[in-house]
Structures are given as C-alpha cells and as structure tokens.
Amino acid sequence: MSTTDQSDLLRRARDRRAATAPERPTAPQSGPAPLSHAQQRMWLMDRLGQGGALYNVPIATRLRGPLDPAALATALTALTERHAVLRTRYPRLGEQPYQRIEPAAPVPLPVIDAADADADGGAGAGADGGAGDGADRDRTDRTDWTDRIAAEAARPFDLAAGPVLRALLLRHGPEDHTLLLTIHHIAVDGGSLPVLAADLAALYAAARDGVEPQLPPPGLPYAEYARQERARDAELTAAADARAAHLAGARPLPLLRPVPPGARERRATLHAAPIDAATVDGLRRLGTRHGATLFAVVLAAAFATLRTASGQDDLTLGCASGHRARPELRRTVGLGVNTLAVRAELGDHDTFGEALAVVRDALLDAQQHHQVPFDLVVERLGAAARGADGTPLLSVSCDLVQPVTALALPGLEAENVDLDLGLAKFDLALLLEDGPQPRCLVQHDRDALDETTAARLLEAFAAVLGAVADDADLPLSQLPGGRLVAARHPVVEALSADPRVAEAAVVEGVDGPPLAYAVVRGPVAPSGSELRAALRRSLPAAELPLAVTLVDRIPRDATGAADRDRLPGAAPTTAPDTAADRPGPLDLVRTAFGELLGSVPPADGDFFALGGHSLIAVQLAERLRTRLGLPLTGLDILERRTPRALAALLATRADERRAALARTGARPGAEARAEARTGTVLLTGATGGVGAAVLQELMAQGRPVRVLVRPESAHLPALNGAEIAEGDLSDPDSLRRAVKGVDAVVHAACTFTEHAVDVAAMRALLDGWSGGPFVFVSSVDAYGRPPGTEVAEGAPSCAPVTPYGQAKLDCERLLLEAAEAHGRGPVTAVRAPIVWGPHQRLRDQLRWGATGELYQAALAGRPVVLPAPAPGDRSTWNGAAWVHSAALARAVAACLQPDHPAAGRVVNAISGHVSWTDFAAELIRLLGSQSTPDLRPDADPDLCRPWHYRADTLAAALEPEPGEDWRSVLAAMVG
C-alpha cells in the first residue's frame, strides 16, 4: 500500500474518532427520555405489525453442575437493577413514544421439568460401557425440549407494557438445566451481550456465596445516550441528506422477487458450507497486503459474487456498525447499532485486488458516517428507497460472524444451545462464520428468493472466497460462478407444470394471499377451482393463491411482467377514479397529510417525496382512524403513499364494514362517527380469547359494537363490522374517549401481570361511563381459598388471595361502588374460571398457563404429577372449574339485557368441573403420550383445588350447545 493510501486511511480514522466524541452532559437530564433512532425503528416495526418474533434475541445455555436457581433469580433481578434498559417499557405521550424506566422488581424465573433424570446423556450406558445409547437418548431429549424453548423464545413482546426480558429454566436433572433468556432487540445488541454475560456471572457468584458483587461501574445509561443522540438530530439530518445523495440512482439486487406487502412471517432458510481454516488464513493475509480487514475482504467477495450472479455492476449491500467507540459506551447495555449502506461499482476488467480497494474505500466512507441513522437516509430517499417493483434498495447484507458462545456461570459447565427462530431480517444475507470450524453461510427470506438460487449462490460465494485466498490477481470475469436467474414464483411454476395450462401469472395480494391467473388449453379445460385444488397437492397451504382466475391471455407491461392494472380482480397499482375521488374522503386524507407534512398535497402526491417518514406514517394513520373510524395502520400509509390511493383503500374498508354489519343483522349504516349509534356496546379485549367470543356473540345478536384495540390489531375486529376505538389499558385517556357515548360496557381486557394497570384502567372506564349496563369479566381467583368445597355466587373472599385475584376484587369493588354512588346503570361482575375455546390465546394458556405444567409433562412423556388425596380421606376432589368461551360470551351478553337478575351482583359463569385425573388422562390420550398420572403428596400446591363453584343465575345462558363438552373443546385446543 502506498504512502498516500496510508495517509488517507490515517486521516479518515482521525476524522472518525472526532465525529464519535460529542460533548457529554455533565449531569443526567430529567423527564421522559426519547427513543434512540435505532429503538424508534424497532418500535415502528412493532407498531406496523412487522415485529413478531423477528427482533427477539434468545440466549439458551445448557448448564451442568450444582446450579442454585434462587441465586440465579437474584442475579437476574440485580442485572435489571444495574442496567435500567432491561426494565424499560415504551408507551406513548401523545403521538410520541418514550422510554419509561420502571422501578426495580424481581425477575420471574419459572422452573419447568424438561426430562427424567435418566435422560442424561452420560447415564444408563450400555452393558459394554459404551456411551452410544446415552448419546442417542440425549439427542432424543434435545429434540423434545428444544421445540418447547423455541416456542417460548418466539413469543412476542409487548413493548408498551413490558417487560423486555424473560427468563425460563428447564430442569433436566438435579445438576442439569437449560437457561433461556429472551430479550427484545430494542434493549440489546451484539455488543451488549458480552457485558450482560460477564455481569450475570459475577452477580450469580455473589448471590450464591452471599457476598457483595465486585463489578466495574456500568457504562453510560442508555436513556442518556438516546438523549445525546437526539440532541444532534439537526446535524444527523443534514448528514442524512448527503448519504441519500450518495445512494441516489442505486438499484436493488435484481435476483430478488417482490415480497407480499403488509405484515407477514419472514420465513428464513439457511444454507451452509464448510470452509478450510487455511482459506480463512489466506483471506486474512490478503487483507493485510491490501490494508483491509478480514470483513472488508469478505464484503468484496460478496460484491464480486453478486455482480456475477446478477449481471449488475453497481450494487449496494448493508452491514452492521456499532456506536461503542467512546469509552463510556463500552459497558453500556442497549441498542447501539446502525445499518450502513455500502455502494460500490466494479468494472469487468478489475482484478479482485482492485475490487477490494474499491470496496474497502466504500466501506471506510460509509463508516465515517456510521452515526447517521439509516432510517433518516431512507426518509430522504423517499420513493427511491425501493425499486420499481417495491423491493427495498437495501435488501442484501453481508457480515463476518462468530460462533455463539455459551452463557458461562461460575462452577458450572456451560454449552451453547443453538436456537434459530427461522426468521430473516434481510431478504438475503451472505456470511462468513469465523471460528474453529469456519463456514460460509447464505440466509434468505423464502418469499424473496427460491431455494435453488440461494443454494447456487452459496456454492459460488464459497468458491470465490477459496479462489481469491489463493490468487487476488484473478480478474472478476474469471472468478467462479455464473449468471443466475431466480426461479419463477412457486405458484407460476406449479401451474406451468400442469399440461392443461398454457400460461400463468401471479400478482401479490394487497392484504392477503396472492392471486393467480391462467390461460388454459385443451378440449376440456379445467376450471379455476380445479386448478387451485391441484395446487394443494404440490404447494404448502401458506403459498396457495386466494383464487385462480381463467383469462384468454395474460396482459403484460413493457418489461414483460403481468400488468395488474388490466387483470380482473387485482388491485391496480394506480387507484382508478372511484367513489374515493369524491371530495369528502379524499379531502379529509389530503387535509391530514397537510397537517403533518406542512402543506396540502395533490391527490397523487407521494408520501415520501413530500417529506414523510415512518413516524409520520404512524401519526397519520392514527389521525385518520380517529376521524373516520376506519381501520388503518402506518403500514397502509407506507404502501399506498398517495392521498388518492389511501382514500380508495378507506372507501373499500367502509364498504366492507357496511357489508359486515348487514351480514350480522345490524343496521347497515355509514362509517363509525363521533357519536355512537343507539345501543352501542363498548368491548375491551376483543382480540383475546374471551373478548373475541363476546364480539362474535354481540354481532350475531345485531348489537353495534365499539371495540378498544391497539393500532396494530385494529384491522382484526373490523372484519366483523365493529367500530374501532384505538387505545390501551395503560392509556387512561384512550379509555375515557372509548367509553364516551356508548350505551353499555363489557370490560373483558386484562394484563394478567400488571395489576396496578388493570385497576387504573377500571377507574378510567368508570370515569367516562355515562350510563347503561356495565359487565366486568372477573375471575374465580377473587374467591381466594374458601374453607369449604361448595362456593356460592358472591361468597366472601378468603385469604390467601393471589395478586391477580386481588386485582379482580379491587376492580369489582370500584364497579359496585360507582353503581351505588352514581346510579348510572346496572353493573355485573361475572367471575369465570379457566376459559377453554378454539382461540390461539386460549390454546397458549393451555400450554403455558395454569395447566401448562401438566400439558408440558404430557407432551414430554413424563409423569403428570397430581395432588394425592389427604391421608385417610378418599372423598377429596381436586380439579378445575372451566367454562367454554362461547358459553361465557352468551352469559356476558345476557347480563346486558334489561332487568336481568344478575344486575348489581357478583355471579359465576361455569360450564363444569373436571378432576385433574380425568383431565390428565384425556390430555395424555389426545397427545398420544406415554405419560401416566402420578398422585403425590408433594405435588404443586396450586393444584389442590377442591372447590365446586355454583352458577345458578346464568344457568340458562350457560346451557351447553353441541361441541361444548370439555372433551370436545380440549380436543379442539390440542389440535
């Protein structure tokens, strides 16, 4: 490398150090802390319905040795005390999210038996002393329990309610455990994990030994880091303009196909190929000769591979960059990463060494601007951030990764448990894993790239790495690999393989599955329904089109792609002149645009070109939802982009609502408006298992319903024709707005764990309640532990009462006091036991809730431990009261009727009672398990439930309908 090159690198390094040292405030600031730019992107993805488990960070470690679970729980609590970001939640103040640091509180550490003691890989070796049988058992055991922790790791977080850290301990044997920590990415990044691991180890040792922990001071609190970053917003925005100008004219990788719009599961496939350690050493030496890091060499190889595969010289790849250059940030836990867009143009006659120099300089240039949030750059790019087909400009990433290390705790042998959730953050990622056994990796979103093309990319990438490690002077044109053409859409492939189909095309659906079109041939042509039925035999259900429509020919545009504007039934890319063009809806949309963007745009003005960005999209959706009473999300704004297209979408949803109201027998009036229609019932918890059943029952009765839902779920109840009121239990103002003007209230929502929030929510609803029936869905836990076995309706509560039951009691008291003091209408508290029904939330509660330990034991084939009768007492009964969700819904709806005998009372809703032995036996049968019920005196005391609850007042509504017996509903829940 020349002296000039060395001087240039030193200058860039000095500039970068200077840019990463803003002045640090002398004292922490008070008041709500803003979200950092990286956090805001996570929050927006969650609000747009694109979060799910995609940003869950699971850490699973097998720990062998004398683990102290109590000390581990103490250490986890101390860890959250030390790093406040782990006990931070993200509510909103007006339209802006902020960081709310909660007081330190114990971190729950559930302990679940994972396997019998003899499942240890070292136990029970064969008679000849070999370990083969033990290893086989260990593999079988691992297959069984890793599925369960993967399900727990994939469980979504609620960023507004928190927490953002969950812990679970699986017990395989007395000295054999698996610890699972799941943290949302909004609170951690890769640089945080070593800090957390070291701190947890020290805190565990101190708790185990009963001494004070010896730890270095923590880094800068993350909330202060976010404040500092936001204080530089004007500077960062100006820098984002420059980065956007640098990326102007860049195009996405043409190999990728457009993915369906809207929220979806980003299903990933990982292809791997081993690489010789000697090859990696050769790549390092190559980097040293050219003044480049190993990562820069891998990045250049990725550029070269994709250039050959796509035939495109000008490419842009993404890579991750950290914000930990400042000393005070090196022990900070939080999300301190940014995505860098590296753009490089490689010539056909360049050698790889010359290409490496181009990529190295492009990478250094991007790293000089590593503090410029990529979301700001995307906002400045506007429509140019995506290709003509909607593919994001930055859809391909490259990285150099290390094998995951185990979470070591003192005195224990630690082994990492590989836990891949199978989700893809990028459409395509090219990776080199640098470790004792190096691997070349290609991960891709299955919707964006087919398996065959991805496998060929892996082969080419590995071959390029091997070739340049031996000879960096090879011209790019002589590197391994060849031009790749991505496979057609799987539906097109399957239809084209049918000899009765002459031509086929697919267009992605706007809010659901794709639409397929076919030109058929032959004297006896198949129908579209027959073709779709044939697709079922070759495609998974998730890839089936909504319909196959027969056409005489496939209309195509100038590029040869199917022209959806001329295909029957496909939503056009440009909204036609419809009722949406009427002054009302279109003007409302344009006005809302203008309020947030500074000027009223033309009907076809592009949201991004007008200066819009993700947060404004969320704010605009919330404003339009409030004014029009129609479901709309920020993602709708980002996809439709123009006032005309949004007005067309809103007109369609208004039509859907009118049709839904007509189907349910309600008066098919206009859209929801500020004043509720006569007889409107406010329903909270409509997206949960109980609320969904109540909504269905009320709509079947023709009752107009207003549902309180979070914005990301607003579209779900709308399918039933309900009026949307955006809100959340933690937002009292939204509750008061939602209850205003309604004629009845059914309060079925509950946080289950945030008891103070539940009580405050009840107060807020009662503040806004003006009259009419008010039904509160409570719980039999409010009875506590009565002394007898027969519990009458409204019987006194007896200690001990669980915190959950106490919260229900407090809410009941508030409700009854409000009714007595103000006389605004009849009130009823309906106490329900375990609710069973065919809803995903209820299925989850079966697996992980009150009956979770029994379910998991049966699933694993372990003994299902149940409480034994008291000595000498054969009459003791222990089991569960239960209610079918549909029966509970009928009972709740009955309480809304005038002069119902439940008014002013606490009543029970019980479908029946089932003993634990009968429940366990049926569960074992349904799961095909080898488990057996095991009656023990040391069983979980929470299972000692001898009570039968009377349900006289609501008996008529609770009368079971066909399929509502406990065996049928349990079978439906188990699946």
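Biologist: Okay, Glu 723: buried or exposed?
Modeller: Glu 723 counts as buried, because its relative accessibility is 13%, and buried means under 20%. Keep in mind that this is a predicted model.
Biologist: Which side chain does Glu 723 meet in a salt bridge?
Modeller: That's Arg 706, with an N to O distance of 2.9 Å. Glu 723 sits in strand E21 (residues 723-726) and Arg 706 in strand E20 (residues 705-709), so the pair ties together parts that are 17 residues apart in sequence.
Biologist: And what about cover for Arg 706, buried or exposed?
Modeller: Arg 706 is buried, since its relative accessibility is 4%.
Biologist: Why do such side chains pair at all?
Modeller: Side chains of opposite charge can pair when their charged atoms come close.
Biologist: How many salt bridges are there in the whole structure?
Modeller: A search of the whole structure turns up 41. One of them joins the side chains of Glu 379 and Arg 380, at 3.5 Å from N to O.
Biologist: Which residues are linked in a network of salt bridges?
Modeller: Arg 82, Asp 199 and Arg 331 are linked that way.
Biologist: Where does Glu 354 lie?
Modeller: Glu 354 is in helix H10, which covers residues 352-368. Its relative accessibility is 42%, so Glu 354 counts as partly exposed.
Biologist: Let's do helices. How covered is helix H2?
Modeller: Helix H2 (residues 37-47) is mostly covered, with ten of its eleven residues buried. Among them are His 37, Trp 43, Asp 46 and Arg 47.
Biologist: How many helices and strands does the chain have?
Modeller: There are 29 helices and 32 strands.
Biologist: And what share of the chain is buried?
Modeller: Of the 975 residues in the chain, 53% are buried. The chain's accessible surface comes to about 41500 Å², and 53% of that belongs to carbon and sulfur atoms.
Biologist: What share of the contacts comes from residues 24 or more positions apart?
Modeller: Those account for 75%, counting the contacts in the chain with a separation of 6 or more.
Biologist: Last one: where is Asp 450?
Modeller: Asp 450 is in the loop between strand E15 (439-445) and helix H12 (451-470). Even so, Asp 450 is buried, with a relative accessible area of 10%.
Biologist: How far is Asp 450 from His 489?
Modeller: In sequence they're 39 residues apart, and in space Asp 450 and His 489 are 8.3 Å apart, C-alpha to C-alpha.

Technical notes:
Residues are numbered from 1 along each chain as its sequence is written. This is a predicted model: local features need pLDDT of at least 70, side-chain atom pairs count only at pLDDT 80 or more; totals for chains, interfaces and linings use all residues. Side-chain values use heavy atoms; hydrogens and water are left out. Helices (H or I, at least four residues) and strands (E, at least two) are DSSP runs, numbered from the N terminus. Buried means under 20% relative accessible area, exposed over 50%, partly exposed in between (1.4 Å probe, protein chains only). A salt bridge is a side-chain nitrogen of Lys or Arg within 4 Å of a carboxyl oxygen of Asp or Glu. Contact means heavy atoms within 4.5 Å. Accessible areas come from the Shrake-Rupley method with a 1.4 Å probe; for residues, only the protein chains shown count as cover.
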